[in-house]
Amino acid sequence: MEFRLAVADDLPQLEAVFGKLIEYMSASGISMWDEYYPCPFFAEDIERGDMYVLTDGATIASAFVLCPFDTEPDCESIGWEAPDARSFYLVRFGVNVDYLRKGIGKTMLRSAMALARDMGAEYLRLFVAEMNAPAVRLYEQCGFRRACGVYDLMVDEYSLPIREHGYEIRL
């Protein structure tokens with residue numbers, strides 16, 4: 001397996017991998033991703049140099065985006081342990097459905113923690129929808145702590161908010 005920055009040539013496979021993941025999550029009752037998120041953001045993530053992939057030969061086994069926390073939306077409702085500490089944000093994290101339950105998620109989280117630490121971060125932070133119990137278990141198993149408060153993400157004016165919890169780990 002190879003861990004590396006994503007490149008433009010990865011885009012079609014990333015969209016296919018996440019398309020299958022979206023179908024899998026929806027079938028499991030976790031309906032939070034769709035054709036509007038996260039795939040339309042991948043080209044920009046790759047161009048900025050924020051997207052990383054884990055490949056198994058020519059197959060993308062997992063991917064995530066890692067960016068400075070201050071570039072993400074306002075979330076004053078979350079009580080971070082050290083709100084002013086240099087932090088990075090893990091977003092658009094997914095594992096290829098053919099690689100689920102093989103330790104890939106933990107491997108990728110360790111890689112994200114190491115990258116953030118190497119970039120000078122004191123914390124790695126993320127948001128997870130409360131309906132996404134498998135992700136919550138993974139983050140907690142890897143040492144992330146749930147911060148106080150809730151972030152209600154409004155997708156549009158016609159739908160209910162997606163209730164998200166902040167999780168963080170001190171690096």
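## Basis of the model

In this predicted model, local features need pLDDT of at least 70 and side-chain atom pairs count only at pLDDT 80 or more, whereas totals for chains, interfaces and linings use all residues. Residues are numbered from 1 along each chain as its sequence is written, and side-chain values use heavy atoms, with hydrogens and water left out.

## Overall fold

The protein has 4 helices and 8 strands, where helices (H or I, at least four residues) and strands (E, at least two) are DSSP runs numbered from the N terminus. Read from the N terminus, the elements follow the order β-α-α-β-β-β-α-β-α-β-β-β.

Of the 171 residues in the protein, 47% are buried; buried means under 20% relative accessible area, exposed over 50%, and partly exposed in between, with a 1.4 Å probe and protein chains only. Among contacts between residues at least 6 apart in sequence, 73% join residues at least 24 apart, a contact being heavy atoms within 4.5 Å.

## Nonpolar cores

The largest nonpolar core holds 29 residues, of which Phe64, Phe93, Leu109, Leu124 and Phe144 touch the most other members; such a core is a set of buried Ala, Val, Leu, Ile, Met, Phe, Trp, Tyr and Cys residues joined through side-chain atoms within 4.5 Å. Two or more residues each are given to this core by β2 (51–56), β3 (59–68), β4, α3 (104–118), β5 (123–129), α4 (133–141) and β8 (162–170), and the largest share, 7 residues, comes from α3. Apart from this core lies another of 28 residues, among them Val17, Met25, Ile60 and Ala63.

Phe144, leaving aside its neighbours within four places in sequence, is in contact with Leu109, Met113, Leu124, Leu126, Tyr139, Tyr167, Glu168 and Ile169.

Helix α3 has 15 residues and reaches 21 Å from its first C-alpha to its last, close to the 21 Å expected at 1.5 Å a residue, the expected span being 1.5 Å times one less than the number of residues. Its buried residues are Ile104, Gly105, Met108, Leu109, Ser111, Ala112, Met113, Leu115 and Ala116. Ser111 counts as buried because its relative accessibility is 17%, and beyond its neighbours within four places in sequence Ser111 is in contact with Phe3 and Phe64.

Gly120 lies in the loop between α3 and β5 and has a positive phi, near 95 degrees. At 38% relative accessibility, Gly120 counts as partly exposed. Although Gly120 and Arg86 are 34 residues apart along the chain, their C-alpha atoms are separated by 7.3 Å.

## Strands β4 and β5

Strands β4 and β5 pair in the parallel sense over 3 bridges, and two strands are taken to pair if DSSP finds at least two bridges between them. Within this pairing, Tyr89 has Arg125 of β5 as its bridge partner.

In a regular strand the side chains alternate between the two faces of the sheet. In β5, both faces are covered, with Tyr123, Arg125, Phe127 and Ala129 buried on one side and Leu124, Leu126 and Val128 buried on the other.

## Ser87

Ser87 lies in strand β4 (residues 87–95) and counts as buried because its relative accessibility is 7%. Its side chain reaches the backbone oxygen of Ala85 at 3.0 Å, and a polar contact of 2.9 Å joins the side chains of Ser87 and Arg125. A polar contact is a pair of N or O atoms within 3.5 Å; within protein, one must be able to donate a hydrogen and the other to accept it, and residues adjacent in sequence count only if both atoms are side-chain atoms. Apart from neighbours within four places in sequence, Ser87 is in contact with Pro68, Phe69, Ala121, Tyr123 and Arg125.

## Backbone features and cysteines

A cis peptide bond, with omega about 15 degrees, joins Tyr37 and Pro38, and Pro38 is found in the loop between α1 (11–27) and α2 (42–48). Arg92 has a positive phi, near 50 degrees; Arg92 is found in strand β4 and is buried, with a relative accessible area of 10%. Arg101 also has a positive phi, near 60 degrees, but is found in the loop between β4 and α3 and counts as exposed at 74% relative accessibility.

A search of the whole structure finds 0 disulfides, taking a disulfide as a pair of cysteine sulfur atoms within 2.5 Å. Cys39 is buried, with a relative accessible area of 14%, while Cys148 counts as exposed at 59% relative accessibility.
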